[in-house]
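Open the model in your viewer and keep the selection tool ready. The stops below go chain by chain.

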Amino acid sequence: MSQRKSFAVGTGLFIVLGFASLAYLATQTSSIANSHQGAAYRVDAQFANIGQLKERAPVKVAGVRIGQVQSIALAPGKDVADVTLSIDKQYSQIPVDSVATIYTSGLLGDQYVGIQFGGAKTYVADGGHFGLTKSTQPLEEMLSKFIGGGGAADAIGGTYAVKANFTNVGTLSVGAPVKMAGVAIGSVASIKADPVKLDATVTFDIDKRYNQIPDDSAAAIFTSGLIGSQYVAIQPGGSPNSLKDGDQLVLTQSAMQLEDLIGKFLVSGSSGGSNNASGNGSSNTPTGKH
Amino acid sequence: MSSQSRRENVVIQTLGQIGACGLFLLRILAAIPRSMRHVRETVRQLWFVGAMSLTIIMVCGLFVGMVLGLQLYHVLAIFGGTSASGTALSLSIYRELGPVVTGLLFAGRAGTSVTAEIGLMRATDQIAAMEMMAVDPIAYVATPRFLAGLIAMPLLCCMFCAMGIFGGYLVTVDWLGVDNGTFWSNMTANVDVWQDIINGVIWKSAAFGAVISLIAVFQGYTTAPTSEGVAYATTRTVVASSIAILALDFVLTAFLM
Amino acid sequence: MIDPVNAKLDDRTLVRIRGLTTVLNGKTVFDALDMDICRGKVTAIMGPSGTGKTTLLKHITGQMRGQAGEVSVDGLNVARLTRDELFDLRERIGYLFQNSALLTDFDVFENVAFPLRQHTKLPEVLIRNIVLTKLQAVGLRGAASLTPAELSGGMARRVALARAIVFDPMLILYDEPFVGLDPIALNQVLKLIRTLNETLGITSVLVAHELAAIKEVADHVFLIANGKVVAQGNPKTIADDGSPWTRQFFGGDADGPVPFQYPAGDYARALGFTQGAA
């Protein structure tokens with residue numbers, strides 16, 4: 001009899017554990033974790049292009065989640081999207097002249113609505129409206145403003161070494177290609193931190209065939225493609241003297257963070273979520289300047 | 001000519017097995033009302049196939065999650081996308097690895113023991129003895145084990161997934177230094193309860209559980225009542241279950257997505 | 001012999017088999033077999049290996065059905081019963097398997113209690129009393145908490161017997177109850193069969209080869225061969241009835257009506273010799 005009882009207890013424990021796991025998966029690791037919400041009020045905003053924004057996408061202020069997108073509809077009679085935001089009651093002090101912008105969380109993340117506070121002393125109420133909005137901009141559009149390159153380094157017949165200092169090398173790694181006009185002419189030999197100037201000293205091995213490079217050329221760290229590896233691009237200067245072994249390039253442009261870049265252009269980037277990363281189908285080779 | 005006829009024999013035998021298996025499923029399902037009298041037996045089988053598989057499922061889940069976290073981190077690092085490791089980890093576990101690996105482990109751990117047990121019951125006339133004691137062996141032996149497998153698999157799969165997420169968390173966040181908040185927020189932002197957890201984990205693993213239990217019970221029930229026959233049936237359970245899981249996985253993925 | 005047409009189903013006959021014909025895998029097992037088994041008696045069925053003695057028991061319990069003829073048990077035509085009626089009938093029949101067939105999941109007590117638990121909702125105290133009574137009858141009350149794996153062959157068979165009689169059946173079928181038992185265990189089982197028959201009036205049918213044992217316990221013997229009853233009678237005198245079957249079977253001759261050679265083609269040709277010598 002006690003044997004029977006231990007079966008029952010063990011099996012009961014097993015079932016409870018199983019359902020606990022299910023509850024954990026469903027509530028803690030899925031979008032339900034984001035959707036529990038207390039009392040909320042609604043605010044409208046109209047966007048010219050909502051990109052990949054979806055219902056239930058978060059609404060954030062300064063990166064903190066304050067609500068979610070409740071509905072997305074085409075505004076009647078206009079070619080703009082009518083987005084209703086459901087914002088938690090405890091965040092009721094949002095100035096009426098705040099700007100609603102569609103952002104992408106990280107390079108591969110989903111889109112969300114970010115709100116930058118304005119300076120007005122009156123606050124939006126239930127059923128209110130954000131007059132100032134910034135729409136999403138297709139990434140291709142933004143990236144087509146930059147130039148890029150591609151190809152592989154292939155050093156034969158000896159190399160010579162050139163140095164350059166960068167304030168930030170980003171994710172540049174040893175072995176990365178060095179390119180001029182998009183053609184690989186060498187590779188990165190070493191990356192070291194300079195103990196005095198506190199920046200990065202990068203040594204390139206450049207193929208001996210390319211010995212006519214002006215010594216006032218600039219070196220910049222670029223990224224090949226949206227999610228490709230980084231490389232060093234040499235932009236030739238106008239000096240009559242050529243680079244020699246052991247020379248240093250003075251003009252450099254460091255790797256830039258995506259956030260800096262976006263901040264610089266005051267536009268919001270757009271990409272699909274990780275679920276459908278190829279959704280935008282970029283057929284050219286877009287290059288972001290990082 | 002003889003090799004051709006042998007090949008035809010194999011085809012016909014395989015078709016015959018599948019057909020017999022399908023008919024057996026109908027007998028099991030038809031016996032469900034009668035097996036309600038044997039709820040205690042179903043609970044006992046739930047203990048044997050479910051609770052007893054818990055250790056292997058949880059340990060394997062932990063390691064699968066850890067190795068997946070490690071691999072995903074290094075691949076995503078190439079693209080500077082390590083922040084997506086939580087998303088990639090959870091989605092690959094929920095949609096594929098969780099149900100499939102749990103299914104394969106379940107076939108190896110519980111399926112074989114069910115086949116061997118029923119096969120031995122047949123070899124030692126226990127099945128015939130039940131018939132003689134006016135106890136329907138389908139309702140008493142086959143259906144409880146089938147139902148237990150059907151119930152246990154989704155539960156085991158949930159535990160496997162939870163351990164997998166935990167293992168991935170340990171590696172990517174605790175060890176490789178992905179930001180804790182990023183890991184979880186990216187995961188919660190991209191995992192959908194219906195699409196990924198109910199469809200991906202629950203339905204899929206329930207279907208796998210049904211197929212594995214059916215094959216295991218069928219092989220045990222129809223085995224030749226000798227020790228050689230039982231050994232052969234056990235092997236066939238693993239082979240047939242593995243093929244069925246992977247084939248069904250493709251069909252279900254195409255169907256549920 | 002039995003008159004197949006005019007034999008009336010009287011109260012004295014529990015199992016009546018008429019014209020039973022069974023073909024298994026192209027081999028005729030029974031060929032218009034007739035047999036009457038009396039109530040309250042111990043009946044032995046003997047015959048050479050492979051003549052379908054166990055198969056005959058399966059016909060009586062309805063596990064198998066013949067192509068022609070009928071088997072009736074207590075007035076019920078077994079082949080015509082629905083599943084539920086058949087199960088009702090089986091509750092009144094005990095069956096002792098050659099290898100005992102105890103359920104390995106349960107201990108001895110639960111094995112004996114199994115039919116009670118499945119078919120009744122008796123209170124636990126009553127189940128306990130019935131089970132212990134039956135175990136006492138087979139002399140294994142002290143072994144109630146052992147598992148089947150811990151039992152010797154003779155003990156396992158006695159437990160199986162306790163399980164078979166737990167419902168006080170009208171009929172017990174023993175399939176080779178003496179095989180593989182040492183003389184002590186054999187005598188214990190023998191004594192049990194006799195006691196059960198005498199004290200409870202249970203009709204017993206046993207399939208066995210041991211003539212010495214059968215002489216002690218059985219009231220009537222059927223010798224079947226070639227799908228028919230070839231001899232029957234009192235076990236003490238059947239060996240002397242003069243038929244070639246009984247002479248070979250009870251005398252143990254290697255050759256006779258049951259041939260030593262399995263049916264085969266011409267020996268000389270099989271070895272490759274042609275008929276050149278002829």
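How many bridges join strand β3 (residues 42–46) of chain C to β8(C)? Four, and the two strands run parallel. Before moving on, note that this is a predicted model, where local features need pLDDT of at least 70, side-chain atom pairs count only at pLDDT 80 or more, and totals for chains, interfaces and linings use all residues. Residues are numbered from 1 along each chain as its sequence is written, while chains are lettered from A and ligands numbered from 1 in the order in which they are written.

**Stop 1: chain C, strand β8**

Select residues 203–207 of chain C. This is strand β8. Helices (H or I, at least four residues) and strands (E, at least two) are DSSP runs, numbered from the N terminus. Two strands pair if DSSP finds at least two bridges between them.

T43(C) has V205(C) of β8(C) as its bridge partner.

Is β8(C) mostly covered or mostly open? Mostly covered: five of its five residues are buried. A residue is buried if 20 or more other C-beta atoms lie within 10 Å of its own, exposed if 12 or fewer, and partly exposed in between; C-beta atoms are placed from the backbone. Show the side chains. T203(C), V205(C) and V207(C) point one way. S204(C) and L206(C) point the other way.

Next, show helix α6 (residues 183–200) of chain C. Together, β7(C), α6(C) and β8(C) make a right-handed β-α-β unit. Right-handed means that, with the strands pointing away from the viewer, the path from the first strand over the helix to the second runs clockwise.

**Stop 2: where chain C touches chain B**

The contact takes 14 residues from chain C and ten residues from chain B. Two residues are in contact if their C-beta atoms, placed from the backbone, lie within 7 Å. Select α2 (83–90) and α3 (108–119) of chain C: each supplies at least two residues of the side that touches chain B. The largest share of that side, four residues, comes from α3(C).

**Stop 3: chain B helices**

Select residues 227–256 of chain B, helix α10. Why does its length make sense? The expected span is 1.5 Å times one less than the number of residues. For these 30 residues that should be 44 Å, and the end C-alpha atoms are 41 Å apart, which agrees.

Colour the buried residues of α10(B), among them V230(B), A233(B), T237(B) and I245(B). What covers them includes α5 (85–123) and α9 (193–221) of chain B.

Then select residues 146–171 of chain B. The span is 100% helix and 0% strand, with end C-alpha atoms 37 Å apart. Compare residues 72–94 of chain B: 74% helix, 0% strand, ends 15 Å apart.

**Stop 4: chain A sheet**

Chain A has four helices and 16 strands. Of its 290 residues, 32% count as buried.

Select the eight strands of the open, mixed sheet, ordered β7-β1-β4-β3-β2-β6-β5-β8. Its edge strands are β7 (128–130) and β8 (132–134) of chain A, each pairing on one side only.

Finish inside the sheet. Strands β3 (residues 64–74) and β4 (residues 81–88) of chain A pair in the antiparallel sense over seven bridges. Zoom in on V69(A): its bridge partner in β4(A) is L85(A).
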